[in-house]
Amino acid sequence: MDTLMQGAARDLARSNRAVALTGAGISVESGIPPFRGKGGVWEKFDPMAYAHIDAFLQDPERVWREFLVVLKATLDIAAPNAGHHGLARLEALGILTTIITQNIDGLHQAAGNSDVIEFHGTFARYRCMACGARISSRRIDTRRMPPRCDCGGIFRPECVFFGEMIPPQRLWRSEQVAASCDVMLVVGTSAVVQPAALMPLIAKQSGATVIEINPERTPLTDSVSDYFLQGGAGETMTELLQQVQRHIAETI
Ligand code: APR
């Protein structure tokens with residue numbers, strides 16, 4: 001009888017339209033802390049005081065100085081890990097088409113995935129709130145707080161703060177790919193933030209197999225996931241990929 005890992009690998013190996021939904025957990029092994037749980041970002045920073053759009057608009061200098069520079073410094077030195085590389089390899093094998101990520105770290109693109117929906121935006125770019133000018137993370141000057149554009153306006157990251165809408169085009173595309181995939185890999189998300197957490201449900205309802213990778217159980221584990229592969233993203237993706245490649249070799 002197949003183990004969970006073998007079953008998941010077999011279903012992935014047969015797919016050519018798999019989609020991944022990723023969360024902060026896939027970047028933990030790249031040195032970026034998750035948001036929830038022990039050692040999580042929200043343990044040190046109250047999200048309503050640091051990550052809500054109203055808090056940012058009320059006092060951008062405080063949010064920049066105490067929170068955004070800290071997060072940006074961590075992101076600036078992060079590199080993809082085996083979890084990201086595993087997803088890039090699945091794309092290269094013609095299995096994975098798209099990643100819907102809740103992460104703002106750009107590590108899926110750095111690993112080589114070509115179709116990444118940045119559901120919550122990105123910290124790779126910043127936008128002037130006055131004139132709309134955009135600059136890359138590398139060019140932002142954080143010596144002055146808050147960082148300002150040449151026009152005097154304040155820069156904000158191109159992420160979605162709490163209290164802001166997911167841009168409709170991004171939401172719509174995510175729903176489309178979730179509804180049309182045959183396998184959804186759900187990696188490193190606590191699956192408690194909506195509407196991102198709906199994507200595995202949409203996939204499941206549309207007949208897809210859901211493979212979940214996480215060291216901890218989530219609200220999806222018992223109700224939605226067909227395979228729960230318990231463990232860290234790097235190690236689990238590496239083993240899964242090896243088995244997928246074995247299946248492919250056997251069927252050639
Ligand atoms: N490998 C895989 N998963 C891991 C690892 C690891 N090495 N370490 C931790 N995890 C799991 C945790 O068990 C948890 O389920 O990653 C998940 C991280 O959960 P969250 O911190 O809630 O991250 P995420 O689901 O991405 O949060 C969604 O919430 O605060 C907002 O905008 C923020 O995009 C974020 C959203």
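Trainee: In which strand does T209 lie?

Mentor: T209 belongs to strand β8, which covers residues 209–214. Strands are DSSP runs of E with at least two residues, helices are runs of H or I with at least four, and both are numbered from the N terminus. The model is predicted, with local features requiring pLDDT of at least 70 and side-chain atom pairs pLDDT 80 or more, while totals for chains, interfaces and linings use all residues. Residues are numbered from 1 along each chain as its sequence is written, and side-chain values use heavy atoms, without hydrogens and water.

Trainee: Why does T209 count as buried?

Mentor: Buried means under 20% relative accessible area, exposed means over 50%, and partly exposed lies in between (1.4 Å probe, protein chains only). T209 has 18% relative accessibility, and therefore counts as buried. Its contacts (heavy atoms within 4.5 Å) include D11, D182 and Y227, leaving out residues up to four places away in sequence.

Trainee: E212 is also in strand β8. What makes E212 buried?

Mentor: The relative accessibility of E212 is 1%, so the residue counts as buried. With residues up to four places away in sequence set aside, E212 touches V186, T218, L220, T221, S225, Y227, F228 and L229.

Trainee: What shows whether helix α8 has its expected length?

Mentor: The expected span is 1.5 Å times one less than the number of residues. Helix α8 comprises residues 168–180, which is 13 residues, and its first and last C-alpha atoms are 18 Å apart, close to the 18 Å expected.

Trainee: How do you know that the buried residues of α8 line one face?

Mentor: The buried residues of α8 are S174, V177 and A178. Viewed along the helix axis, the buried residues of α8 fall within an arc of 100°, so they line one face. That arc is taken from the directions that run from the helix axis to the C-beta atoms. An α-helix has 3.6 residues a turn, so residues three or four places apart point the same way.

Trainee: Which residues of α8 are exposed on the other side, and what covers the buried ones?

Mentor: P168 and Q169 are exposed on the other side of α8. The cover over the buried residues of α8 includes β1 (18–22), β2 (96–101), β3 (116–118), β7 (183–187) and α9 (199–205).

Trainee: Which residues of helix α1 are buried, and against what do they pack?

Mentor: In α1 (residues 4–13), the buried residues are M5, G7, A8, A9, D11 and L12. They pack against β1, α6 (82–92), β7, β8, β9 (227–230) and α10 (233–251).

Trainee: D2 is in the segment before α1. Why is D2 called partly exposed?

Mentor: D2 has 38% relative accessibility, so this residue counts as partly exposed. Apart from its neighbours within four places in sequence, D2 is in contact with G7 and R10.

Trainee: Why is A191 called buried, and what is its phi?

Mentor: The relative accessible area of A191 is 11%, so A191 is buried. Its phi is positive, about 55°, although A191 is not a glycine. A191 is found in the loop between β7 and α9.

Trainee: What omega does the peptide bond between Q194 and P195 have, and what is the value for M145 and P146?

Mentor: The bond joining Q194 and P195 is cis, with omega about 0°, and P195 is placed in the loop between β7 and α9. M145 and P146 are joined by a cis peptide bond with omega about -10°. P146 lies in the loop between β5 (134–136) and β6 (155–159).
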